[in-house]
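Please take a careful look at the two chains shown below before reading on. The report then goes through some of their features step by step.

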Amino acid sequence: MKKMAITITMLLIIGSIYAQTHSAEDILINADAVVNAPQDQEISLKMTLTDKGGNEKVREIKMYQKGDETRLIRFLSPADQKGVSFLSLPDDVQYLYLPAFHKVRRIASHIKNDNFAGTDFSYDDMSASKYAEEYDATLLDKTDDLYILELIPKQGVEKNYSKLKMWARQDNFYPVKVEFYDKNSTLWKLFESRNIKKNGKYWVASEAEMTDLKKQHSTKMIIDKVELDKGLADNIFTKRNLKRVK
Amino acid sequence: MRKFAELVLKYRVPIIIGTIIITVFMAFQLRKLEISSDILEYLPQDDPNVVLFNEVGDKFGGNSIAMIALETDDVFNPETLNRVNTITQRFKEMSEISYVTSLTDVIDIKKMEDGLEVGKLFDERYIPSEKNELENIKNYTLSKEMYRGNIVSDDGNIAVVIARLNEDADRLIVGREMKEFVLSTTGNEKLYFAGIPFQMIYLTDVINSDIVKLLPVVCLLLIITLAISFRSKRGVILPLATVFISTTWGLGLMSLFGVKLTVASDGIPILLIAIGSAYGIHLVNKYMEDIRKGDNKIEAIKETISEVGVPIFLAGLTTSIGFLAFLISNLTIIKEFGIFTAIGVMFAYIVAITFLPALLSFMPAPKIKVKKESLEPTLMNRFMTGLSRLILKRKIVILIIGFIIFIVGTFSLFKINREVNMVDYFKKDSEIRQAEDMMESKLGGSIPIQILVKGDLQEPAVLKEMIKLEKYLKSLPDVHGPQSIADLICEMNDVMNDRYCIPQTREGVANLWFFLDGNEILPQLINSQNNEGLIQAKLGTVNTKKVNHITGKIDEFISENINSDILMINLTEANSNIKEIDMERVKSISNMIFYDAAYYGFEIKDKNALEKILHKYITQENQKIPTSNLTIKLVNYMNNEDGDLLIESSSLQNKVVKSLLKYFEKNQDYFEKGIVSNLKKVVPYSYYEDDPEMLDYAAMSIVSIVESEIKWNKTNNLIKEITPLFSKDIQQNPDFKKNLIGDVWEINDTQIFISKEKFKNLNNNDQLSTISLNLQQTGMPIIYKDIDNNIVSSQTYSLLFAIGLVFILLAIQFKSVIGGLISILPIILTVLFNFALMWIFKIPLDAATVMIGSVAVGIGIDYTIHFNNRFHFEISNKNSVENALETTLQTTGRAIIINAFSVMLGFLTLLLGSIVPMQRFGWLIALTMLISATASITFLPSLLLVTHASFLGDLKNMTLKQAINIKANIKQKANNIKEQK
């Protein structure tokens, strides 16, 4: 039933593109929806971290995700971090498994702006795309095929960014580029989604890159393999499973 | 010289105009003269220590640390924390600042029940205001060594914001901007500004204000002295103009060459005014004398130039040489000071010998006043007469006194203290000094020691050596809070596994590293390739002797105790070397305990007993299984919903435990498969039919539980056994206990790191790969040490060089080696007297006082030359030694005294300044001048009389020469008359 409902909503949304011009708010809601659309995902990806000296570090990751708040991440490489696993459950509950010590530990991080595991994504950036919940949008401009939105954090929502600028496709609302501005309104981070293709009924970007312009450091993620709506079992996202690493 | 005098008079107009043009041009250059307060610029930039220091600065976000301290009753109150937060946030936004740490922005690794938190001590967006919450945070913060004494004082009264400035940031500009912002924030806290950037700001301001303050005073003093001595306008104006012009030229030239004014060279104007006036004084003095003799104006000028031109030139040259001797110093600031003072002195000479007579030729000849002296001897006359009698009578006594001074001075050479720290430049009550003293007493100082680590920083062997060094650093007095990536790994291990030590495997390190990756603290501890890191500690003293001692100790420790080539060996493969390896391990652990105990104030009563116990545990073969503890752990495991083996029935739990314990007892070398087959015997199939891998995972968990239990059991037993060896109860100090557990945990290691050097035989066929490690000490203390070494060598070499050169010059002038020797002796005496004073009054050798010796040579030699010259002249003219001596004292002696006093007064004005080394320099060199003058009118003549000074003429047998001289004089006068016609 739920699937049906979503599909119908999607169809309605797509249908309405041609029927009317969208308000900025609608565009943002749609952008969130298209990114979060799959029920569950199993993704193998390669992450490349590049520092300002051009030195690269490569990490291979397997990621299981169900809904938009439940996620299990396993590091496959580098060798000495193989098996390090990260389980994130709704309400900011996070567990980490360290194979070298065979121990699961709950991790709390009340600091959302800390970067995740050496990447340029903060824990906040890593969480699901919920721009519409946290930002007020205004439509700045329209190009031939893109909407350009300006996002300002809603009142009462504390963010590290003073504003965001988002470029979303007109045909499917997929955000292709987001600029993050710091409190002094200078460009701080740049997020880009590339290679956006249809995978089954969903749009998926198989390449994404976050660049921290202050640190001159970037994180590029290239998806090797993606499986959507596999019906991932709930017991994948448990502490017991977290440490099941051989 | 006479020809030269004629030339000067012939071209007097171009000389005057030219001098004025050059002076105006140079005066314009003065505006561009900059002040440098960077202590690093003392040293040549290719000095290896400077290169390393800059390299570290480049790699780890800058070397300059600025600290702002806020003091109040208790900093854990909302107002203070918000102020700290405001300052921190603002600093973070400044692009010139690479890193900021404070209470409101600092990494926090916190243990929680069944978990951990890596985050910040405070959320910068939410500073709590509730009392209880603040009280909790206060207790937590003060309980952690990472914070206590670093970003907050032990008593919680002072909060510190630490900012690291980028390597290329202009520290003066950024420092001022920081200070301005901090002062603009409101609050009742007392503020302190410490660290190199603020020291530099203060120093620059002080140099500036000192020059502005002192110059007028020096000038005024000079005017007064000149007025009293000459009692005529030209006697004041001409020497004054000479020094003004030459000082302007000297400083203008500095500016033209882009040389900045430093702590040393800011004394140049004062020095040039004090010294440079001498040439004008001598010239005017002689001119007046000649006029009084009845010469006309032009003739008097010619006479003056030809008679005193050479001695003044010689005096100028020797003075310049005294300063040029600093060229062989390694310290840039002293070199610059030497060059430009020497040039300035030569300028003074040139102006005195050209511009001054040219100007004089336009002035009407002074009216000859009836000499008061001839009717009624002045005090000075009477004094000089008495002195000459005294010398004639007591020359031997004078020489003996000189000899005693010689001995004492030589002895004191080895007793003088040294001081190079910038903080010592400021007066005790100055704002910066108070800030630094506060930092030193409450927060372990503001000057970091840095050790650059080159090696694979994810390698346990490397991290363990780092920890070893850090523990040693902590055990040293005055060294506080060492910090490095190794500490963070230990801290993570403590939070994760309750043991503050480096994991023995690479995987262990990498796993813990996972938490730290991407944290903003990392760029100041390691480079991005993880192959270079920094150990930083604070040095809580500015005392040069202590700094040298500590840096020396650290270097010694690195070279003797840190392995640079390390082999990793599995204990099971050690075979024949096992005994030696065990001994090494015992030594290594006991040393660590020793350092920790020293730091936390524990005494080890019996080190041998400690080593014995350690040895016992390290060599213990059979791993006893702690049955009761293990039972509890296994039952807990089976009760845990998240475990693999969830068993509710307690009878089945018992069965499983019993069977497992039996298995472990039988099999020393238990393994996972064995456990699985054992479990299969007791756990019903229904438990794992849905999950075929369940028992495999359970076995993995059980192995890790058993291993951990065995290791903890061993560690706890060991701790229990060594507890009585400490002077105090270890439970009283949780920090010591934490470190102690980490130290002894190493008994569990199975992978051992050993020195390649010591165990050569182990690696005959190079089957083990070598882990290389290189540690180099850098940081401000090393720079200070470098400067200190250079100050000593500057002193020694430049002094010897100056004395040697002046000796040669004098020997040539007198055409006699003995003459050179006799002339140099009063100078050496003066220099030694100066050292004796420094020893007696505990004045340290620093960037300023180091120059006194050579300056004393340069200036003091003038007196000797003038004296010798006049004495020689008088002996050639008069019939008795007694008369010659008295006349010399009455004329040149008098000039020497006047000059010495005017120079003295000039130098004494430095006492009004705010830079301590300059103050010391001022009064010491003033005193040295007095001694120099005294020596040249007492010791020198005594020496001349005793040795009969054949180089000045035969003092015993004057009559024949006198006849010749009289003839020569008549001839000369005849020539003069011809010329006038």
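This is a predicted model: local features need pLDDT of at least 70, side-chain atom pairs count only at pLDDT 80 or more; totals for chains, interfaces and linings use all residues.

Residues are numbered from 1 along each chain as its sequence is written, and chains are lettered from A and ligands numbered from 1 in the order in which they are written.

**Where the chains meet**

The contact takes 31 residues from chain A and 32 residues from chain B, where two residues are in contact if their C-beta atoms, placed from the backbone, lie within 7 Å. On the side of chain A that touches chain B, strand S6 (103–108) and helix H5 (239–242) of chain A are the elements that give two or more residues, and the largest share, 5 residues, comes from S6(A). Helices (H or I, at least four residues) and strands (E, at least two) are DSSP runs, numbered from the N terminus. The residues on this side of chain A divide into 10 nonpolar, 11 polar and 10 charged; Ala, Val, Leu, Ile, Met, Phe, Trp, Tyr, Cys and Pro count as nonpolar, Asp, Glu, Lys and Arg as charged, and the others, Gly among them, as polar. S6(A) also pairs with strand S4 (residues 115–120) of chain B in the parallel sense over 3 bridges, two strands being paired if DSSP finds at least two bridges between them. Within this pairing, Ala108(A) has Glu117(B) as its bridge partner in S4(B).

**A sheet in chain B**

Chain B holds an open sheet of 3 strands in the order S11-S10-S12, with antiparallel pairing. Its edge strands, each pairing on one side only, are S11 (751–755) and S12 (770–772) of chain B. S10(B), which covers residues 565–570, is joined to S11(B) by 5 bridges and to S12(B) by 3 bridges. Leu567(B) has a bridge partner in S11(B), Ile754(B), and another in S12(B), Thr770(B).

**Two crossing helices**

How do helix H28 (residues 817–840) and helix H32 (residues 939–947) of chain B cross? Their axes come within 9 Å and cross at roughly 145°, axes being lines fitted to C-alpha atoms, for helices over the stretch in contact, with angles that run from 0 to 180 degrees between N-to-C directions. Residues in the contact include Leu825(B) and Pro826(B) of H28(B) and Leu943(B) and Leu944(B) of H32(B). By class, this contact has 8 nonpolar, 1 polar and no charged residues.

**Backbone details**

Most residues other than glycine have a negative phi, and most peptide bonds are trans.

| Residue | Phi | Loop in chain B |
|---|---|---|
| Asn530(B) | about 60° | between helix H18 (506–516) and strand S9 (532–539) |

Asp478(B) is partly exposed because 19 other C-beta atoms lie within 10 Å, given that a residue is buried with 20 or more other C-beta atoms within 10 Å of its own, exposed with 12 or fewer, and partly exposed in between, the C-beta atoms being placed from the backbone. Asn530(B) counts as partly exposed because it has 17 C-beta neighbours inside 10 Å. In chain A, a cis peptide bond with omega of about 0° joins Ser77(A) and Pro78(A).
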